[in-house]
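Dear colleague,

I am passing on the structure we spoke about, and my notes on it follow below. Please read them with the structure open beside you.

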Amino acid sequence: GINTDIVLVGNFGCEYRINYTVLGDGVNLASRLEAANKPFGTVALVSEATRNNSMSGFAFRLLGTITVPGKAELLTVYEPLSRLCLPRQETSPVSPLGPVEDVRAITRVLEADPADDVLNAWRMIPRLVLDDLVKAYEEGMSDFVAGDLPRAEKAFAKAEELAPEDGPAKLMLQLCRKGKKPGVRWDGVIRVEHK
């Protein structure tokens, strides 16, 4: 999990026992976001603070509003996507680091082991399919948040059909089906139970 916040970093302790560590609520939230990857089937989740403070050139997919153990407030979480996954009209041919570094970054992604990192989960999906997947997922999220679960279910089913391995689409499809059952109080919040 990735979170942006003000924290304390350094050597803490006493003369007999010193430990270099990071302390603060922001660190705890990052840990909770890491645990939230499991139900979403993702490799990395970022907080809204991280998304809002990121440089342009990064793409994120809204995954929803969650609650995590130990936190009372609702959190909006996103999945980071590769710069290579930006919609075509937003993709810049030159990165902020310059054209040479951009080519090196693309080369590293294309040559990497498919199990290595977040970017590889997306590079395995053809570009046209990825565009359609993100569009279907975003339509589903819009309907999900509005409480139109039948429409959301159709959109998430389309996303799952486009990419059967997409964990977020699978989770949202399950939540839509669960929320439609009689007697289930639906509020659009995804509850993460484990630390």
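**What was found**

Of the 195 residues in the protein chain, 38% are buried. Please keep in mind throughout that this is a predicted model. The accessible surface of the chain comes to about 11,800 Å², and carbon and sulfur atoms account for 54% of that surface.

As for the overall architecture, the protein chain has seven helices and six strands, and these follow one another along the sequence in the pattern β-β-α-β-α-β-β-α-α-α-α-α-β. Among the contacts in the chain with a separation of 6 or more, 54% are made by residues 24 or more positions apart.

The buried residues in H7 are Gly167, Pro168, Ala169, Leu171, Met172, Leu173, Cys176 and Gly179. At the start of H7, the backbone nitrogen of Ala169 has a side-chain oxygen of Asp166 within 3.2 Å.

Helix H5, residues 127–146, contains Val129, which counts as partly exposed because its relative accessibility is 23%, whereas a buried residue would have to be under 20%. Although Val129 and Ala163 are 34 residues apart in sequence, their C-alpha atoms are 7.8 Å apart in space.

Turning to the strands, Ser47 is found in strand S3, which consists of residues 46–47. With a relative accessible area of 5%, Ser47 falls under the 20% limit and is therefore buried. Leaving aside residues up to four places away in sequence, Ser47 touches Ile2, Asn3, Thr4, Leu33, Thr76 and Tyr78.

Strand S2, residues 18–23, holds Val22, and here the relative accessible area is 35%, so Val22 is partly exposed, given that this class lies between 20% and 50%. Val22 also belongs to a nonpolar surface patch of about 350 Å², which it makes together with Val7, Val9 and Tyr20.

With kind regards

Terms used. Residues are numbered from 1 along each chain as its sequence is written. This is a predicted model: local features need pLDDT of at least 70, side-chain atom pairs count only at pLDDT 80 or more; totals for chains, interfaces and linings use all residues. Side-chain values use heavy atoms; hydrogens and water are left out. Helices (H or I, at least four residues) and strands (E, at least two) are DSSP runs, numbered from the N terminus. Buried means under 20% relative accessible area, exposed over 50%, partly exposed in between (1.4 Å probe, protein chains only). Patches are made of residues with over 30% relative accessible area and no salt bridge: like charges are joined within 9 Å, nonpolar side chains (Val, Leu, Ile, Met, Phe, Trp, Tyr) within 5 Å. Accessible areas come from the Shrake-Rupley method with a 1.4 Å probe; for residues, only the protein chains shown count as cover. A salt bridge is a side-chain nitrogen of Lys or Arg within 4 Å of a carboxyl oxygen of Asp or Glu. Contact means heavy atoms within 4.5 Å. A polar contact is a pair of N or O atoms within 3.5 Å; within protein, one must be able to donate a hydrogen and the other to accept it, and residues adjacent in sequence count only if both atoms are side-chain atoms.
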